[in-house]
Amino acid sequence: MKGQVVEWNDSKGYGFISSADGQLRVFFHISSVTNRGYRPKKSDGVIYDLVEDSKGRLNAQNVVIPGANGFPFTVLFGFSFLVAATASIIVFNGEHLLIPVYLLMSVFTYLMFAWDKQAAQSGRWRTSENTLHMLSLLGGWPGALLAQFQLRHKSSKQPFKLILWITIILNVAGFVWLFSESARRIIQALMF
């Protein structure tokens with residue numbers, strides 16, 4: 001069926017679609033949107049399947065938002081940073097150890113997000129948000145951004161997202177500071 005998003009609550013991840021003829025209004029959840037990483041907006045045109053749930057209510061499933069590629073700026077930013085960081089370390093003779101550190105921390109952080117999502121779905125012990133933020137601060141934030149996009153985990157909880165961006169800004173600032181003369185003196189003093 002074709003329709004349009006007439007109501008959307010981004011913080012709760014659900015909304016309502018009105019059919020093209022305006023006669024039907026159905027519930028849909030973010031998990032039913034097939035455009036991975038794309039958050040619906042009011043007035044988005046959609047194509048969806050109409051299904052009945054166990055209580056006899058009509059819901060939209062397999063919701064497609066035509067024209068929305070769903071690839072967010074945040075993931076592009078994370079990958080661009082990794083490329084730029086690698087290039088700057090090589091060109092400006094930075095600490096080569098940072099390249100594998102960023103890559104390993106990103107992979108580890110992604111896996112921690114995946115583990116936490118699986119734990120949340122099965123009701124097991126969860127990873128604390130402070131741990132996820134610390135991993136991001138220590139260089140794993142590109143993996144955190146990718147996990148938010150691919151796994152749809154911790155992608156709509158506003159306090160978490162704000163703190164994640166603060167850790168990203170602090171990490172990038174620390175990375176840039178490492179190229180300063182004062183940082184080089186401190187690193188040389190610690191190494192000798």
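I began with how α3 and α4 are oriented in this predicted model, and found that helix α3 (residues 129-151) and helix α4 (residues 158-177) pack at an angle of about 95 degrees, their axes being 9 Å apart. Because angles of 65 to 115 degrees count as roughly perpendicular, I noted α3 and α4 as roughly perpendicular to each other.

I then looked up which residues make this contact: on the α3 side they include Leu132, Leu137, Trp141, Leu145 and Gln148, and on the α4 side they include Phe160, Leu164, Ile168 and Val172. By class, I recorded 13 nonpolar, 6 polar and 2 charged residues in the contact of α3 with α4.

Next I turned to the largest nonpolar core, which has 22 residues, and among these Phe81, Tyr102, Phe113, Trp141, Leu164 and Phe175 touch the most other members. I noted that α1 (73-91), α2, α3 and α4 each supply at least two residues of this core. For Tyr102, leaving aside neighbours within four places in sequence, I listed contacts with Phe81, Leu82, Gly139, Trp141, Asn171 and Phe175. I also found another core lying apart from the largest one, with 13 residues, among them Ile17, Phe28, Tyr48 and Ile65.

My last entry concerns Met112, which I located in helix α2 (residues 98-122). Not counting residues up to four places away in sequence, Met112 touches Thr127, Leu132 and Leu135. I also checked Met112 against Gln148, 36 residues apart along the chain, and found their C-alpha atoms separated by 12 Å.

Notes:
Residues are numbered from 1 along each chain as its sequence is written. This is a predicted model: local features need pLDDT of at least 70, side-chain atom pairs count only at pLDDT 80 or more; totals for chains, interfaces and linings use all residues. Side-chain values use heavy atoms; hydrogens and water are left out. Axes are lines fitted to C-alpha atoms, for helices over the stretch in contact, and angles run from 0 to 180 degrees between N-to-C directions. Helices (H or I, at least four residues) and strands (E, at least two) are DSSP runs, numbered from the N terminus. Angles under 35 degrees count as roughly parallel, over 145 as roughly antiparallel, 65 to 115 as roughly perpendicular and the rest as oblique. Contact means heavy atoms within 4.5 Å. Ala, Val, Leu, Ile, Met, Phe, Trp, Tyr, Cys and Pro count as nonpolar, Asp, Glu, Lys and Arg as charged, and the others, Gly among them, as polar. A nonpolar core is a set of buried Ala, Val, Leu, Ile, Met, Phe, Trp, Tyr and Cys residues joined through side-chain atoms within 4.5 Å. Buried means under 20% relative accessible area, exposed over 50%, partly exposed in between (1.4 Å probe, protein chains only).
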